[in-house]
Amino acid sequence: MKPQRGQTLDNVVYMLRNWYKWHKRSYLYISARIPALIAVPMLSAFAPKVMMDSIQAQVSVSTLVLRVALLCLGIAGASWIAPFMEQKLLGSSQILRMRYAVLSFEKTMSADFVDVESLQGRERLERSGTFVNGNYSGAQHFCDVVCGLSQAVFGIITSVALLYKLPVFMLALILVTCLLGFFLDQATYRADKRTREDSNPLLLKFNYFYRTSHEFPAGKDVRLYTLGDWFLKITADVLKGYTKIMRRFLKVTYTTSALQALLYALRDGVAYFFLIRAVQDGTITVSDFIFYFGVVAGFSGYVSQLTYQYNQLLRCTLECQKFRDYLETPEKGAAEKPAFPDAEGYSVEFCDVHFAYRDSETETIKGMDFKVERGENIAIVGENGAGKTTAIKLLCGLYAPTSGEIRINGARAEDFSQDSYFDLFSVVFQDYHFLPVSIAKNVTLQNEEEIDRDKLWACLTKAGIREKIESLPDRENTLMDKTVHKNAADFSGGEKQKILLARALYKGAPILILDEPTAALDPIAENELYLQYNALSGGKTSFFISHRLSSTRFCDKILFLSDGKIAEYGTHEELMAKKGKYYQMYQLQSYYYREEGDAI
């Protein structure tokens with residue numbers, strides 16, 4: 001999408017306002033750097049003229065030395081100030097980049113989960129990341145562009161003021177050639193914008209394969225199933241498509257660069273021809289010729305710089321607009337809403353709930369209707385792809401129903417603040433993650449000074465993992481995640497599940513949800529762990545999701561999902577008596593779980 005003029009100006013004001021708010025001193029750095037940048041070439045061009053005029057005027061040696069010394073001192077001072085302020089601005093730009101990164105991080109943490117998970121959402125996130133970290137970011141590159149534009153504008157004004165003796169048509173010639181150069185830059189800019197739009201989906205795929213190839217869990221599969229060649233082929237196809245796009249872009253840049261080189265050579269040749277004729281005609285002196293020679297070259301450079309930096313500014317504003325679109329994406333939980341009221345227990349009700357992912361023509365959840373009373377334990381089972389995890393994400397508030405309502409204690413979930421609604425749930429998902437911090441922080445998910453140590457150890461004891469934690473040299477302060485910390489503790493699958501149980505117990509939310517976190521365990525270990533969760537749930541409303549039906553027999557009711565709908569609902573005994581889909585799947589699974597002829 002090409003930003004409109006008003007939108008471009010609005011984005012420039014947005015970036016300048018943030019710049020001033022976050023680091024006011026940057027404007028002082030620019031105010032010092034721009035004159036220094038202009039002074040260096042101007043003084044360098046002026047120095048030969050001063051020396052030649054002084055020699056022709058036969059001034060004293062001391063006067064000549066003084067003039068040269070002052071010029072050298074000015075050039076040296078400006079040459080020192082410009083790079084010094086550049087380093088200052090580099091530090092300022094890093095501050096701005098981190099500020100924008102924090103804004104992006106906060107948005108990602110609060111954005112609707114369905115947007116974060118979707119391909120379109122990830123593409124928006126990638127594009128917003130370009131503004132923070134990319135070549136045309138709103139931090140360092142925008143600082144450079146502002147400096148470049150300021151230098152070009154003040155350089156042109158200064159040059160015009162110094163070239164007052166030259167014919168007007170010479171200045172007009174330079175301006176016309178620079179204007180033509182501007183249109184060539186615009187062609188390059190449009191090609192670059194089109195290239196980035198076309199290549200972004202391919203880069204997203206490439207980044208996925210690159211990240212996956214470096215992940216330890218994926219690395220095992222790649223080696224065991226010899227997927228290396230397959231990975232390389234897919235990656236090569238992506239790179240082939242990207243190369244094709246870049247080749248098209250390079251054709252444009254080669255053409256525009258060649259035309260600009262010819263145009264500027266013609267401009268400089270004509271300008272220098274007229275300067276030589278002016279010396280021959282006596283219009284200007286030889287010292288003036290040397291001075292104007294340098295100023296004309298600088299003037300041409302400033303005009304070219306102005307057109308170039310303008311196109312760079314357009315790139316920055318385009319990325320800024322993508323970033324702002326991402327930040328300003330409306331959120332379901334953004335509006336001010338009351339907190340969910342406390343209660344002795346919590347019932348859950350799905351009222352004709354439908355859900356379809358964005359840009360999907362089919363529904364994942366199709367008219368789901370059920371009610372769970374306070375304190376009930378519910379098992380949600382079914383085949384893969386039946387909609388079990390999607391239903392749980394809807395219940396937790398991570399997804400919003402396409403239609404229908406979810407009610408807690410009879411109240412609509414959407415009527416309350418998202419944070420207070422999240423407080424109702426202790427959830428353990430199948431794809432759990434531990435942070436590269438201490439065991440204590442992984443369990444409590446709190447800062448060090450906020451952790452209730454007595455409560456922490458009580459939860460570790462109930463989860464059956466206290467003895468293991470106490471055996472470690474640093475006990476609960478032991479770090480986790482060996483990919484980050486060399487001396488981190490390593491835990492088995494069952495031990496990790498117990499740490500997750502301790503986390504759920506520490507939060508103490510009134511609704512407990514287990515979304516197949518034990519899929520990697522054997523059936524007996526899974527059954528034992530579920531029974532442990534059930535024993536410790538303390539009368540909470542609980543949901544247990546598993547593809548192994550034998551693990552959820554202890555539940556009060558069982559929801560059997562099929563194709564996004566509730567196919568069967570009842571107790572284990574009731575569903576077995578019906579001899580429907582639940583019965584068939586249970587019989588099929590129990591065949592593999594027999595031990596000495598008896599079903600588990």
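Which residues point one way from β7 and which the other way? In this predicted model, where residues are numbered from 1 along each chain as its sequence is written, local features need pLDDT of at least 70 and side-chain atom pairs count only at pLDDT 80 or more, while totals for chains, interfaces and linings use all residues. Side-chain values use heavy atoms, with hydrogens and water left out.

Ile511, Ile513 and Asp515 point one way from β7, whereas Leu512 and Leu514 point the other way, and all are buried, a term that denotes under 20% relative accessible area, with exposed meaning over 50% and partly exposed in between (1.4 Å probe, protein chains only). In a regular strand the side chains alternate between the two faces of the sheet. Because 5 of the 5 residues of strand β7 (residues 511–515) are buried, β7 is largely enclosed by the rest of the structure. Strands here are DSSP runs (E) of at least two residues and helices are runs (H or I) of at least four, numbered from the N terminus, and two strands pair if DSSP finds at least two bridges between them. Strand β6 (residues 425–429) pairs with β7 in the parallel sense over 5 bridges, and Phe425 stands opposite Ile511 in β7. β7 also pairs in the parallel sense with strand β8 (residues 541–545), over 5 bridges, where Ile513 stands opposite Phe543 in β8.

An open sheet of 4 strands has the order β2-β1-β4-β5, with antiparallel pairing. β2 (365–372) and β5 (411–412) stand at the edges, each with a single partner strand, so one side of each is left without a neighbour in the sheet. Strand β1 (residues 348–355) runs antiparallel to β2 and is joined to it by 5 bridges, with Phe355 opposite Ile365 in β2. Helix α11 (residues 388–396) packs on this sheet and touches β1, β2 and β4 (403–408), and its direction makes about 120° with that of β1; contact means heavy atoms within 4.5 Å. Asp352, found in strand β1, has a phi near 50°, a positive value in a residue other than glycine, and counts as partly exposed at 39% relative accessibility.

Two packed helices are described by the angle between their axes and the distance between the axes. Helix α2 (residues 25–56) and helix α3 (residues 61–110) pack at an angle of about 155°, with their axes 8 Å apart, which makes α2 roughly antiparallel to α3. Axes are lines fitted to C-alpha atoms, for helices over the stretch in contact, and angles run from 0 to 180 degrees between N-to-C directions; those over 145 degrees count as roughly antiparallel. The residues of the contact of α2 with α3 divide into 22 nonpolar, 6 polar and 4 charged, where Ala, Val, Leu, Ile, Met, Phe, Trp, Tyr, Cys and Pro count as nonpolar, Asp, Glu, Lys and Arg as charged, and the others, Gly among them, as polar.

Within helix α2 lies Ile38, which is buried, with a relative accessible area of 8%. Ile38 touches Gln151, Phe154, Gly155, Thr158 and Tyr302, not counting residues up to four places away in sequence. Ile38 and Ala82 are 44 residues apart in sequence and 9.5 Å apart in space, C-alpha to C-alpha. In the loop between α2 and α3 is Gln58, which is exposed, with a relative accessible area of 70%. Gln58 has a positive phi of about 55° although it is not a glycine. Most residues other than glycine have a negative phi.

Notes. Parallel < 35°, antiparallel > 145°, perpendicular 65-115°, else oblique.
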